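This briefing goes through the structure shown below by topic. Keep the sequence and the coordinates open while reading.

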Amino acid sequence: MRLLERLWGTNPYRKSDKKKKGTSNYAYAVTRVRAMKSKLLPKETYPRLLNMGIDEITRFIQESEYKNDVDELAMKYSGGDLAEHALNRNLALTYDKLLRITSGELNYLIVAYLKRYDIWNIKTLLRGILYNAPVEDILESLISAGEFTYTFLSELAAKATYQEVIDALKETDYYPLLQEFDGTNLAYIENELDKAYYSSLFAVIGKPRSKDRKLFVRFIKLEVDVKNLGTLFRLKRAGVEESDEIMPLIIEGGMELKSEKLAPLPYEQFIDALRKTHYWDAISSVAELETASLTIVESRLTRHSLESATTYSHVSPISIVPIMDYIIHKSNEVKNLRIIFRGKEAGLDDTLIKDQLVVI
Amino acid sequence: MVGEELVSGPFLDADGMKALGAALAITVTGLASAWAEKEIGTAAIGAMAENEGLFGKGLILTVIPETIVIFGLVASLLINSA
């Protein structure tokens with residue numbers, strides 16, 4: 001086939017990125033990813049980490065899977081910065097590895113999913129530069145797991161104004177949206193970037209025909225629901241009941257959450273309406289109490305999405321789900337470690353740090 | 001018909017059918033175990049790339065489908081000796 005293509009020249013219509021290229025080697029990718037998942041930190045580690053001091057935690061990270069990253073960066077950074085950079089670098093390299101070991105449809109969908117890190121990086125850059133954060137601080141929060149390379153991102157971080165950053169992103173899909181940024185509407189732009197990400201993700205999937213795309217769509221829809229639920233909880237707690245104010249903040253394409261119906265309800269009715277959804281089991285013990293911290297509600301929701309991903313990865317073992325399951329578990333681990341690290345550094349109480357962690 | 005004039009009797013005699021049966025038994029089981037081993041083999045390589053300690057287990061799991069072709073071999077030998 002390749003020989004024929006070479007003889008006749010490639011047909012431009014076949015190059016459409018909607019077509020999968022190559023075949024997805026599920027057996028290889030899924031088993032390798034499962035082996036990678038077995039290397040994630042077990043839940044027994046976290047109570048131990050909470051009892052450690054910062055130096056001990058750094059040493060612990062140095063002796064774990066993050067060893068190579070810590071070693072490579074030890075020349076440049078030290079202390080908290082070193083751990084933060086090592087975690088980010090490890091996350092980026094792990095996702096890069098996922099892209100290397102997958103092909104065809106799998107690879108195509110994962111690339112689309114990981115664009116979330118491009119959005120994350122753009123947000124970080126805009127925030128950092130707008131509030132005049134030092135370049136080192138911005139670099140600490142960049143995760144080059146998406147399409148932008150670390151070199152490109154560090155060049156952007158060194159720019160003096162946000163306008164220069166936006167100009168440098170001229171070639172990207174986000175440019176039309178970023179042009180609306182005037183230095184005052186950061187929250188709006190961030191929201192719109194999130195929405196643009198999810199709508200482009202749904203566009204990439206198209207009409208889900210293959211089994212993989214159906215599972216992937218389900219996964220994304222659950223994620224959208226969890227995000228929307230978090231937003232709704234925040235707004236309801238703040239007493240916002242106007243649909244016009246709420247709906248622009250809601251991401252379209254959720255699974256079972258009818259945001260337009262939930263938006264105008266007061267808090268008690270909102271909770272009553274949630275009882276009929278699948279998410280109620282996850283949040284029932286904490287949602288009813290109006291005094292319960294939103295952090296706990298949100299971490300319960302995150303736990304729910306992590307657990308349901310794991311359940312579905314057992315239901316469809318040879319599919320994209322185990323890989324998505326690994327992606328979110330890995331990012332959760334990095335998030336947990338960062339919470340512990342930064343929490344300890346800021347001298348927060350252990351119970352407060354513990355509430356923020358999502359340990360599976 | 002034209003064929004009837006050229007070939008007298010059935011297209012294959014009893015020995016021919018036996019040989020064909022034996023060939024099919026070994027061919028189909030050979031292909032089946034090859035396909036199964038390919039799937040398990042790639043999975044085993046994936047696991048081994050992350051954890052070298054899985055070499056032994058991977059090797060054993062990879063050769064288990066070999067039993068299929070052994071059954072095929074037995075079947076074809078039985079057919080031939082019948």
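The model is predicted. Chain A averages a pLDDT of 86, and the mean for chain B is 89. Over all chains, the structure holds 23 salt bridges.

**Confidence**

- In chain A, 93% of the residues score at least 70 in pLDDT.
- Among the elements of chain A, helix α1 (residues 2-8) has the lowest mean pLDDT, 48, and helix α2 (residues 26-37) has the highest, 93.
- Residues 1-19 of chain A have a pLDDT below 50; in the model this stretch makes nine contacts beyond near neighbours in sequence.
- In chain B, 89% of the residues reach a pLDDT of 70 or more.
- Among the elements of chain B, the lowest mean pLDDT (52) belongs to helix α1 (residues 2-6), and the highest (95) to helix α4 (residues 66-81).

**Chain B: make-up and surface**

- Chain B contains four helices and zero strands, in the order α-α-α-α from the N terminus on.
- Of the 82 residues in chain B, 22% are buried.
- The accessible surface of chain B is about 5,800 Å², and carbon and sulfur atoms account for 75% of that area.
- Of the contacts in chain B between residues at least 6 apart in sequence, 75% join residues at least 24 apart.
- A nonpolar patch on the surface is formed by B:Phe11, B:Leu12, B:Met17, B:Leu20, B:Leu24 and B:Val28. Together these residues have about 630 Å² of accessible area.
- One of the patch residues, B:Met17, is found in helix α2 (residues 14-50) of chain B.

**B:Ile40**

- B:Ile40 also lies in helix α2 of chain B.
- With a relative accessibility of 30%, B:Ile40 counts as partly exposed, because buried would require under 20% and exposed over 50%.
- Not counting residues up to four places away in sequence, B:Ile40 touches B:Leu61, B:Thr62 and B:Pro65.
- B:Ile40 and B:Ala75 are 35 residues apart in sequence, and their C-alpha atoms are 25 Å apart in space.

**Buried sites in chain A**

- A:Ser259 is in helix α16 (residues 259-262) of chain A and is buried, at 4% relative accessible area.
- Leaving out residues up to four places away in sequence, A:Ser259 touches A:Asn228, A:Leu232, A:Met247 and A:Ile250.
- A:Asp194 is found in helix α13 (residues 186-205) of chain A. Its relative accessible area is 18%, so A:Asp194 falls under the 20% limit and counts as buried.
- Apart from neighbours within four places in sequence, A:Asp194 is in contact with A:Ile119 and A:Lys123.
- In helix α10 (residues 150-157) of chain A, the buried residues are A:Leu153, A:Leu156 and A:Ala157. Seen down the axis of α10(A), these buried residues fall within an arc of 100 degrees, so they line one face of the helix.
- The buried residues of α10(A) pack against α8 (116-130), α9 (135-141) and α11 (162-168) of chain A.

**Salt bridges in chain A**

- Side chains of opposite charge can pair when their charged atoms come close.
- A:Glu84 and A:Arg338 meet through their side chains in a salt bridge, at 3.3 Å from N to O. A:Glu84 lies in helix α6 (residues 79-101) and A:Arg338 in helix α20 (residues 321-345), so the pair ties together parts of chain A that are 254 residues apart in sequence. Both A:Glu84 and A:Arg338 are buried.
- A:Arg342 forms a salt bridge with A:Glu140, with the closest N and O atoms 2.9 Å apart. Because A:Arg342 lies in helix α20 and A:Glu140 in helix α9 of chain A, the pair ties together parts that are 202 residues apart in sequence.
- A:Arg342 is partly exposed, at 25% relative accessible area, whereas A:Glu140 is buried, at 10%.
- A network of salt bridges links A:Glu84, A:Glu140, A:Arg338, A:Arg342 and A:Glu345.
- The side chains of A:Glu307 and A:Arg303 meet in a salt bridge at 3.7 Å, N to O. Both residues lie in helix α19 (residues 294-315) of chain A, four residues apart, about one turn of the helix.
- A:Glu307 is partly exposed, at 37% relative accessible area, and A:Arg303 is partly exposed, at 29%.

Terms used. Residues are numbered from 1 along each chain as its sequence is written. Chains are lettered from A and ligands numbered from 1 in the order in which they are written. This is a predicted model: local features need pLDDT of at least 70, side-chain atom pairs count only at pLDDT 80 or more; totals for chains, interfaces and linings use all residues. Side-chain values use heavy atoms; hydrogens and water are left out. Helices (H or I, at least four residues) and strands (E, at least two) are DSSP runs, numbered from the N terminus. Buried means under 20% relative accessible area, exposed over 50%, partly exposed in between (1.4 Å probe, protein chains only). Contact means heavy atoms within 4.5 Å. Accessible areas come from the Shrake-Rupley method with a 1.4 Å probe; for residues, only the protein chains shown count as cover. The arc is that of the directions from the helix axis to the C-beta atoms. pLDDT is the predictor's confidence in each residue, from 0 to 100. Patches are made of residues with over 30% relative accessible area and no salt bridge: like charges are joined within 9 Å, nonpolar side chains (Val, Leu, Ile, Met, Phe, Trp, Tyr) within 5 Å. A salt bridge is a side-chain nitrogen of Lys or Arg within 4 Å of a carboxyl oxygen of Asp or Glu.
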